[in-house]
Amino acid sequence: MDTAVEKKKRGRKKANQYSKETYLEWYELMLRIRRFEERALMMYGQQKVRGFCHVYIGQEALAAGIESAIRKEDAIVTAYRQHGIALGRGVTSNEAMAELFGKETGIVKGKGGSMHFFSAENRYFGGNGIVGAQIPIGTGIAFAEQYRGTDNLCVTMFGDGAARQGALYESFNMAMSWKLPVLYIVENNGYAMGTSVKRTSNVTELYKIGSAFDMPSEVVDGMTPESVHEAITKAAEHIRAGKGPYFLEIRTYRYKGHSVSDPAKYRTKEEVKEYMDRDPVKQTEAKILKEGIATEEEIKEIKAKIKKEIDEAVKFAEESDYPDASELYTDNYVQKDYPFIRD
Amino acid sequence: MARELALRDALREAMIEEMRRDETVFLMGEEVAEYNGAYKVSKGMLDEFGPRRVIDTPIAELGFAGIGVGAAMNGLRPIVEFMTWNFAILAFDQIVNNAAKTLSQSAGQFKCPIVFRGPSGSAGQLAQQHSQTFESWMANVPGLKVISCVDPADSKGLLKSAIRDDDPICIMESEMLYGHKGEVPEGEYLVPIGKAAVRREGTDVTLVSFNKMVLTALEAADEMAKEGVSAEVIDLRTIRPLDHHTIVESVKKTNRLVVVDESWPFAGVSAEIAYEVQKYAFDYLDAPVTRVNSADTSLPYAPTLVDEYLPNAEKIIKAVKEVSYA
Ligand SMILES: Cc1ncc(C[n+]2csc(CCOP(=O)(O)OP(=O)(O)O)c2C)c(N)n1
Ligand SMILES: [Mg+2]
């Protein structure tokens with residue numbers, strides 16, 4: 001991805017400023033996420049995946065545009081709607097699917113499930129199940145980068161619903177006054193469960209929240225990887241220059257209900273269609289073909305590769321074992337001989 | 001006349017009856033109005049009472065719990081619903097530092113008649129952050145009363161009592177048992193706060209429990225009956241104040257006690273009960289009090305770990321054998 005970014009920086013022109021590799025990487029990642037999520041839902045239907053399961057379908061362009069615009073050493077932290085972001089970070093389809101199945105080969109050994117992937121290796125600080133909790137946590141991850149004197153940043157993602165938690169206001173304030181290298185992204189998909197953004201506040205343009213702290217804030221189209229990449233690149237430059245945090249309201253849409261159990265009756269078919277017509281995966285594919293960025297053959301190959309990858313991930317998850325019951329007592333304390341109450 | 005009602009419907013009837021009776025009662029929380037409640041407890045209430053009294057909040061637990069406290073200090077009787085008690089942790093400052101202490105701080109000038117309610121406890125494979133029980137946490141706080149019950153009829157009567165009570169009350173329900181059915185009497189009735197119920201009479205051992213673990217204790221009792229062991233099962237219904245009288249009277253009869261408590265063992269409800277019983281029924285005990293809790297760990301996602309973590313009938317029977325030296 002780095003090379004793609006470099007190329008982009010060199011040749012900054014308006015039309016088609018991104019390389020073929022970048023386009024194909026975006027396309028491949030978005031397709032991976034889409035197919036992964038579709039299969040996760042199917043597996044949920046077969047009761048192989050349990051608990052809460054929130055999918056990223058419709059929001060894939062964020063994962064793609066963020067990854068191409070930041071560095072591997074940068075950190076990301078987000079909420080429970082996180083499979084796509086984790087895959088973008090480099091968690092494999094095998095590790096992710098096995099986690100959904102609760103298997104010991106999962107990214108957190110079957111201990112976290114759908115809401116809680118973590119990957120230290122990929123600088124992925126997790127999926128958080130408490131709405132808004134990751135906002136101060138991401139701010140703290142950025143604090144540590146500043147403290148250690150790196151020029152890494154922390155991408156701190158949260159939903160429109162989370163933007164109403166008090167933790168956001170406290171974090172924004174401290175991040176601004178301490179000039180922390182944190183990139184706040186509100187993924188505005190229009191709804192927090194059944195509650196539309198406009199029912200949660202007088203201020204429905206979320207980017208405006210930043211102005212109370214004099215934080216640079218912008219609205220971004222979240223349905224194309226280009227627009228996301230562009231905005232993140234600009235924000236990251238600002239942050240790496242030591243100028244402090246940046247806030248992006250990225251407008252996107254979740255096609256499915258909040259979680260598997262939500263029939264999503266609170267929105268109209270027309271509204272869903274409006275976004276599906278701008279589907280990031282289809283749009284990008286159409287653009288690649290229309291502008292001759294790659295051939296139909298190459299697209300077919302990617303599709304076949306992803307299909308195979310997801311099939312294999314399901315097989316891998318099926319064939320893996322559940323963690324042994326004794327694992328309940330591991331990873332609660334770092335101390336090896338911690339004296340648990342076991343009466 | 002009684003009818004079969006699910007827990008969620010019994011709780012709703014309690015709120016509706018009290019809201020019809022008292023203009024100052026209102027319901028507030030996430031998704032309670034237009035979505036009819038995350039678990040459909042408040043279904044149809046917006047239609048009857050309108051948005052003035054059935055209020056959707058943003059996701060802002062600390063804020064809306066505090067708004068509830070202020071409203072209670074100023075003459076209203078709020079019912080604050082938390083989608084689950086796990087999220088009420090964000091509001092603990094208002095519950096613990098304010099609701100519980102208003103009366104003491106103001107030397108009786110301001111009371112805080114508020115009900116905080118929502119589900120508590122594990123609910124399938126929901127992993128670490130969504131599976132906690134809160135009875136022990138809240139019961140530790142002087143100034144609060146804590147109710148934890150899944151029997152539909154009793155839950156209805158207790159919720160009505162709680163809404164009328166002048167003190168702040170935390171009510172723990174159960175995500176998994178909102179559909180749990182039971183006979184609920186027609187017409188007006190209240191269930192007193194602070195009184196346990198004997199769900200099954202027995203002579204050989206006392207099982208004390210609350211919330212959904214009562215059902216697990218009853219299952220164990222049925223199982224043991226086949227082997228000729230007669231277990232008495234007590235449903236605490238209220239955690240604070242604790243009805244130790246009912247427990248002690250039962251232990252005087254059975255001489256053996258197993259506490260079945262989904263919360264963690266350390267400094268929990270089970271520890272408190274063991275203390276009370278050794279203090280007030282020491283001479284009647286034929287064996288040390290024992291307990292079956294959730295494991296002293298966080299609850300991970302995988303089914304094998306959930307099984308290992310939670311109390312179940314098998315673990316209860318094992319504990320009963322232990323106190324029976326069988
Ligand atoms: C503190 C807290 N309150 C409530 C919940 C229950 N809950 C889970 S997701 C959610 C909606 C969040 O919406 P949003 O932030 O817009 O994210 P999205 O689901 O749209 O990605 C709610 C209310 C929770 N997990 N944590
Ligand atoms: Mg949202």
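Reply: In this predicted model, 24 residues of domain 1 of chain B are in contact with 23 residues of domain 2 of chain B. On the domain 1 side, three elements of chain B each supply at least two residues to the side that touches domain 2: the helix α7 (135-139), the strand β6 (145-148) and the helix α8 (152-164). The largest share of that side comes from β6(B), with 4 residues. By type, the residues of this side of domain 1 of chain B divide into 11 nonpolar, 9 polar and 4 charged.

The bounds of the two domains put this in context. Domain 1 of chain B covers 2-185, and domain 2 covers 197-323. Their C-alpha centres lie 26 Å apart.

Five strands of chain B form an open sheet with mixed pairing, in the order β9-β11-β10-β13-β14. The strands β9 (197-200) and β14 of chain B stand at the edges, each with a single partner strand, so one side of each has no neighbour in the sheet. Neighbouring strands of this sheet are turned by 25° against each other on average, direction ignored. In general, strands of a sheet pair through backbone hydrogen bonds, either parallel or antiparallel. The pair β9(B) and β11(B) (residues 231-235) is antiparallel, over 3 bridges. Within this pair, Ala197(B) stands opposite Asp235(B) in β11(B).

Chain B also meets chain A. That contact takes 32 residues from chain B and 39 residues from chain A. The elements α3 (61-73), β14 (290-293) and α12 (303-309) of chain B each supply at least two residues of the side that touches chain A. The helix α12(B) gives the most to this side, with 5 residues. The residues of the side of chain B that touches chain A divide into 17 nonpolar, 9 polar and 6 charged.

Ligand 1 is surrounded by 19 residues, and the closest are Val131(A), Gly159(A), Gly161(A), Ala192(A) and Phe87(B). Because residues from chains A and B surround ligand 1, the site is shared between chains. The shell around ligand 1 divides into 10 nonpolar, 5 polar and 4 charged residues.

Last, the confidence scores. Chain B averages a pLDDT of 98, and 100% of the residues score at least 70. The model scores ipTM 0.97 and pTM 0.96.

Technical notes: Residues numbered from 1 in each chain as written. Chains lettered and ligands numbered in written order. Predicted model: local features only at pLDDT ≥ 70, side-chain atom pairs only at ≥ 80, totals over all residues. Domains from an automatic or database assignment. Contact = placed C-beta atoms within 7 Å. Nonpolar A, V, L, I, M, F, W, Y, C, P; charged D, E, K, R; others polar. pLDDT = per-residue confidence, 0-100. Near = placed C-beta within 6 Å. Pairing = 2+ DSSP bridges. Axes fitted to C-alpha atoms, helices over the stretch in contact; angles between N-to-C directions.
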